[in-house]
Amino acid sequence: MNTNYSDNNHIVLVGKVTSDKRFSHEIYGEKFYIFDLSVPRLSGNADIIPVTVSERLLTIDELTIDKKIIVEGQFRSYNSYENEKNRLVLTVFAKDVKFVENQEEELQVSKDFISNEVTLNGYICKKPIYRQTPFGREISDILLAVNRAYNKSDYIPCIAWGRNARFCENMQVGTEVKIIGRVQSRTYEKKYEDGTAQTKIAYEVSVSSLEIVNQEDNENEKVVVEENQEAM
């Protein structure tokens, strides 16, 4: 088992602040805030990702809308209890924040400039669900448990595509894997029994590379993604 928790979960984002800071919580006198970061894709679209930051990490007053920043940290989860229901909440926990040097230039994503990359080392904690879209695209939904310090774990939903999706279909619960991908946001409509609907945002890791970590003989079985998912 990997006990270097920084290696288990590492993310780097480059994007633009798109919301005011909201107070999140306080631990031992240290205040934490949440803001939204717009991270561009190769396709020209953008993912809107929530970032949690400590007041000690930077001068909070400098973190204003349209500021371009680089965030390094971890993709974490926690449980939120609302209306007697348990909900998994996902956020990027910032461990370092830097301002992009040239604030006047637009962020131009290219194959040589990655603005969104996350590496996770964890365990399959739920049987992957394999499915096909109406257009025939193969997808597997994965829930990954990533160990954190103090006997905590983050539960990260991931989506694999194409050959990776077929490969994940038969994975057993408890399999240790290393995943490289990007955090993506998507909107969906939640329908209720009374006929009403509410637009919500889901966050997940879109898998670009996946490998099984075989601890017994130190050999890794790796599947390489067959197509570029950035265009989505």
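Predicted model: local features only at pLDDT ≥ 70, side-chain atom pairs only at ≥ 80, totals over all residues.
Asp194 sits in the loop that links strand 10 to strand 11. Asp194 is exposed, because its relative accessible area is 60%, and exposed means over 50%. The side chain of Asp194 also makes a polar contact, at 2.6 Å, with the side chain of Thr196.

Strand 10 covers residues 176-191, and strand 11 covers residues 197-213. The two run antiparallel and are joined by 15 bridges. Within it, Thr119 has Ile180 of strand 10 as its bridge partner.

Read along the sequence, the order is α-β-β-β-β-β-β-β-β-β-α-β-β-β. Of the 232 residues in the protein, 41% are buried.

Helix 2, made of residues 162-169, shows how burial can be arranged. Gly162, Asn164, Ala165 and Cys168 are buried in helix 2. These residues lie on the same side of the helix, because they cover an arc of only 155° around its axis.

Two other loops hold residues with a backbone angle worth checking. Most residues other than glycine have a negative phi. Asp66, however, has a positive phi, near 80°. Asp66 is in the loop between strand 4 and strand 5. Its relative accessibility is 46%, so Asp66 counts as partly exposed. Asn151 also has a positive phi, near 60°, and is found in the loop between strand 8, residues 138-148, and strand 9. Asn151 counts as exposed, because its relative accessibility is 83%.

The last stop is the empty space in the model. Rolling a probe the size of a water molecule over the atoms shows where such space is left. The largest pocket holds about 1,300 Å³. Its lining has 40 residues, and Arg87, Leu88, Tyr188, Ile201 and Ala202 lie nearest the centre. By type, the lining of the largest pocket divides into 19 nonpolar, seven polar and 14 charged residues.

The second largest pocket has a volume of about 670 Å³. It is lined by 24 residues, of which Ile27, Arg76, Phe93, Arg148 and Lys152 are the closest to its centre. Several elements give two or more residues to this lining, among them helix 1 (5-8), strand 2 (22-27), strand 3 (30-40) and strand 9 (152-161). The lining of the second largest pocket consists of ten nonpolar, nine polar and five charged residues.

Definitions and conventions. Residues numbered from 1 in each chain as written. Heavy atoms only, no water. 1 Å grid on protein atoms, 1.4 Å probe; cavity = no way out; pocket = protein on both sides within 12 Å on 5 of 7 lines; lining within 4 Å. Points joined across faces, edges and corners; volume = space filled by probe spheres on them. Nonpolar A, V, L, I, M, F, W, Y, C, P; charged D, E, K, R; others polar. Helix = DSSP H or I, 4+ residues; strand = E, 2+ residues; numbered from the N terminus. Buried < 20%, exposed > 50% of the residue type's maximum accessible area, 1.4 Å probe, protein only. Pairing = 2+ DSSP bridges. Polar contact = N/O pair within 3.5 Å; in protein donor to acceptor, adjacent residues only side chain to side chain. Arc of directions from axis to C-beta.
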